[in-house]
There are 2 protein chains.
Amino acid sequence: MSDPNEERPYHHGNLRAVLLDAADRCLRERGADQLSLRDLAREVGVSHAAPRRHFSDRQALLDALAESGFAQLDTALRTALAGAGEDFPARVRGATTAYTRFATENAALLELMYSSKHRPGATRVIEAAEAPFGLMADLIEQGQDEGALRAGDPERIGLVLFATLQGIASIINGNFVGPDMLDALVETAVEQFLSGNRPVE
Amino acid sequence: MSDPNEERPYHHGNLRAVLLDAADRCLRERGADQLSLRDLAREVGVSHAAPRRHFSDRQALLDALAESGFAQLDTALRTALAGAGEDFPARVRGATTAYTRFATENAALLELMYSSKHRPGATRVIEAAEAPFGLMADLIEQGQDEGALRAGDPERIGLVLFATLQGIASIINGNFVGPDMLDALVETAVEQFLSGNRPVE
DNA sequence: ACTACTTTGTAGCCCATGGCAACATTCTCT
DNA sequence: AGAGAATGTTGCCATGGGCTACAAAGTAGT
């Protein structure tokens, strides 16, 4: 444990990272609305204006969280796929459950990620999203190459699958149906996806 | 136009409705974050504490907006279905485009509606959502009765379709793809839905 | 009508937050 | 060593949410 009497150097060293970390925790525990820069500063033990050196305003911090969220999502999907074997349906199931799992375990973060109120200069969030989006498109393309899926623009099909998962997560996170329905909904979506894209024989 | 010198009675009469109306406009123009009770009060010409008589706090107002949003969505879907004729695929297309149209034209409102941070006592929002959800389930059931769709829990299938539409809207509203992709994504989703639920012959 | 009660709006306060500016300390590079 | 850039601090202001006490207007019982 850390010594509270420990002399903190004037320059924190990695304040930005520490702030993001604290913000992530606060996001989980109390939601984005309750996230205050001054709170974070206090929590980290730094003056109330210090965060401004790293995030020009509150929204900039939220955008950074969103950006990091897409990176986390990307690695979550990649690890799921890495452990999913070769069978195409199994890979799809791996990716989809990984997505919805991530999305329901990080509800507030997901809301931030898909928030429409990004700052004008929030291209970074959009760019960060391209990684997982592309990953999904690659998966689709692989399925098409294997003959498991019919032809069609992989990016578009991937987006629709992504959208379905995101929508399911929204419905769960919004408490419109209980979390116990999650698996059934995902399975239904996957079956429809596989069946709806089956090659015409 | 209204006379600014007009004597306003001490009791406004329908302040709640007027506030909601102003809130709806503000939501459109500046987003939920920028929505302040005091602002609304100013805009409507009442004292800053007046709104509290109708909304116990800010979140209560947001919840009321969300609730009204689901009602609006419901009527949008119903009118679309009413004008969609008898053909089942046409009805599905009518409902889906109506949904995504509503959702992209009211981006901030949709975010509120699906926000996971409803107050504990926000059962009203959930209840309001049941109308459009049920409508979709009815549509599915109709398709099954007509033999256009295979068997399966209509509610679950409807939820997945709903989720897909909501996800597509999120992706558009979040600026991850341009609005010009909307129609193509919806059409892809509809085709997959119809094809993925086609009865086994 | 008169009175009592309720509803709805007002005025004024406190406090937290975001955002700014001026100043301080440390780092880095030459 | 010294200049300039980074980074952190202190102090200020305006705004907004939420509270309490008060005022005006409706409503009901008599």
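Reader: How many salt bridges are counted between chain B and chain A?

Author: This is a predicted model, so local features need pLDDT of at least 70 and side-chain atom pairs count only at pLDDT 80 or more, while totals for chains, interfaces and linings use all residues. Residues are numbered from 1 along each chain as its sequence is written, chains are lettered from A and ligands numbered from 1 in the order in which they are written, and side-chain values use heavy atoms, leaving out hydrogens and water. A salt bridge is a side-chain nitrogen of Lys or Arg within 4 Å of a carboxyl oxygen of Asp or Glu. Between chain B and chain A, that count is 0.

Reader: OK, then how many residue pairs are in polar contact between chain B and chain A?

Author: A polar contact is a pair of N or O atoms within 3.5 Å; within protein, one must be able to donate a hydrogen and the other to accept it, and residues adjacent in sequence count only if both atoms are side-chain atoms. With both residues at pLDDT 80 or more, the number of such pairs between chain B and chain A is 7.

Reader: Which helix gives the most residues to the side of chain B that touches chain A?

Author: Helices are DSSP runs (H or I, at least four residues; strands are E, at least two), numbered from the N terminus. Helices 3, 5, 6, 7 and 8 of chain B each give two or more residues to that side. With 11 residues, the top contributor is helix 7 of chain B.

Reader: Which residues of chain B lose the most area to chain A?

Author: Buried area is the accessible area (1.4 Å probe) that two parts lose on being put together, summed over both. Here chain B and chain A bury about 3,400 Å², with carbon and sulfur atoms giving 65% of that. Together accounting for 19% of what the chain B side buries, the residues are V160(B), F176(B) and Q192(B).

Reader: Which residue forms a salt bridge with R93(A)?

Author: Over all chains, the structure holds 18 salt bridges. In this one, the closest N and O atoms are 2.7 Å apart, and R93(A)'s partner is E187(A). R93(A) sits in helix 4 and E187(A) in helix 8 of chain A, so the pair ties together parts 94 residues apart in sequence. The residue you want is E187(A).

Reader: How much space lies in the largest cavity?

Author: On a 1 Å grid over the protein atoms alone, a cavity is a set of points where a 1.4 Å probe fits but cannot get out, and lining residues have an atom within 4 Å of a point. V160, L161, T164, A189, Q192 and F193 of chain A and of chain B line the largest one, dividing into 8 nonpolar, 4 polar and no charged residues (Ala, Val, Leu, Ile, Met, Phe, Trp, Tyr, Cys and Pro being nonpolar, Asp, Glu, Lys and Arg charged, the others, Gly among them, polar). Grid points are joined across faces, edges and corners, and a volume is the space filled by probe spheres set on the points. That space comes to about 140 Å³.

Reader: And what is the volume of the largest pocket?

Author: A pocket is an open set of points with protein on both sides within 12 Å along at least five of seven lines. Of its 46 lining residues, those closest to the centre are E111(A), S115(A), S116(A), K117(A) and E111(B). The lining divides into 19 nonpolar, 15 polar and 12 charged residues. The volume is about 880 Å³.
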